[in-house]
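I opened my notebook to look up a few things in this protein. Come along and check each entry against the picture.

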Amino acid sequence: MTDDRVAALKKIADEIAACTRCPLYNGTTHPVPGAGDPFAEIIFIGEGPGYYEDQQGLPFVGRSGDYLTYLLKLIDLEREQVFITNVVKHRPPNNRDPQPDEIIACKGYLDDQIALIQPAVIATLGRFSMARYFPDGKISQIHGQPKYASEPVIAYYPLFHPAAVLRNPNLRRTMEEDIHRLPEIVAEVKKRRSGSNPGSSGKPASSKDDDLPMQQLKLF
Ligand code: SF4
């Protein structure tokens, strides 16, 4: 099973490397399929690769990546213990925003990665990945508020993008408070998956606890 999952993720990465479904592959140096633990409890999803990510073929390796690494250390995690990826796997030119048709073209790869890894928590970084699960959400209003789905049991957790926090240091304290809540959200998902007393005591104090079925969340 371990080898199966690793091989399946490698196959997705190979497909991404050969992908021409949208124009973004044009002019890039490397595809950036994502990296981390195939059995991670948390997947972080950002927007798209930037300059340094394109150069190295790895997600979040520039200043934003350094800050994400710092944030993970706050909760005693190394990058290798989570899985980090983006909604588009090739760098948009000049670091522009990914376009809706590009995100849709790339969606299947991210869906497949999530289905294989089966994380407890999907933590979105910024508005483009947030829109997959909170299509009407405003990041300034919903950051740090987990939303639980029941089939399968999973939590969606919207966070600011690390680059936005670096641009606006006033967000730093909020971002770090949001990160500190991740372990309790993972624990809550595990408890729900084990079927122990779902929906009553032990929830994170400010959980929205919407218990949305997965079908409602696959809006993108
Ligand atoms: S961004 Fe995604 S859909 Fe577009 S070429 Fe790259 S892998 Fe394919």
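**Notebook: contacts, core and ligand**

I began with contacts, where two residues count if their C-beta atoms, placed from the backbone, lie within 7 Å. Among contacts between residues at least 6 apart in sequence, 74% join residues at least 24 apart.

A note to myself on the source: this is a predicted model, in which local features need pLDDT of at least 70, side-chain atom pairs count only at pLDDT 80 or more, and totals for chains, interfaces and linings use all residues. Residues are numbered from 1 along each chain as its sequence is written.

Next I looked up the helices (DSSP runs of H or I, at least four residues) and strands (runs of E, at least two), numbered from the N terminus. The protein has 10 helices and 6 strands.

Then I asked what share of the protein is buried. I found that 39% of the 220 residues are; buried means that 20 or more other C-beta atoms, placed from the backbone, lie within 10 Å of the residue's own.

I turned to the nonpolar core, a set of buried Ala, Val, Leu, Ile, Met, Phe, Trp, Tyr and Cys residues joined through C-beta atoms within 7 Å. The largest one has 44 residues, and Val121, Ala123 and Ala155 have the most contacts inside it. Leaving aside neighbours within four places in sequence, I listed the contacts of Ala155, among them Val121, Tyr148, Ile185 and Val189.

Why is strand S6 (residues 153–159) largely enclosed by the rest of the structure? Because 6 of its 7 residues are buried.

I checked which strands pair with S6, pairing being at least two DSSP bridges between two strands. S4 (residues 121–125) runs parallel to S6, joined by 5 bridges, and Leu125 has Leu159 as its bridge partner in S6. S5 (residues 147–150) pairs with S6 in the antiparallel sense over 4 bridges. A hairpin of 2 residues links S5 to S6.

Last, I visited the ligand. Of the 13 residues around it, Cys19, Arg21, Cys22, His90 and Cys106 come nearest; near means a C-beta atom, placed from the backbone, within 6 Å. Helix H4 (residues 100–117) gives the most to this shell, with 3 residues.

Conventions:
A residue is buried if 20 or more other C-beta atoms lie within 10 Å of its own, exposed if 12 or fewer, and partly exposed in between; C-beta atoms are placed from the backbone.
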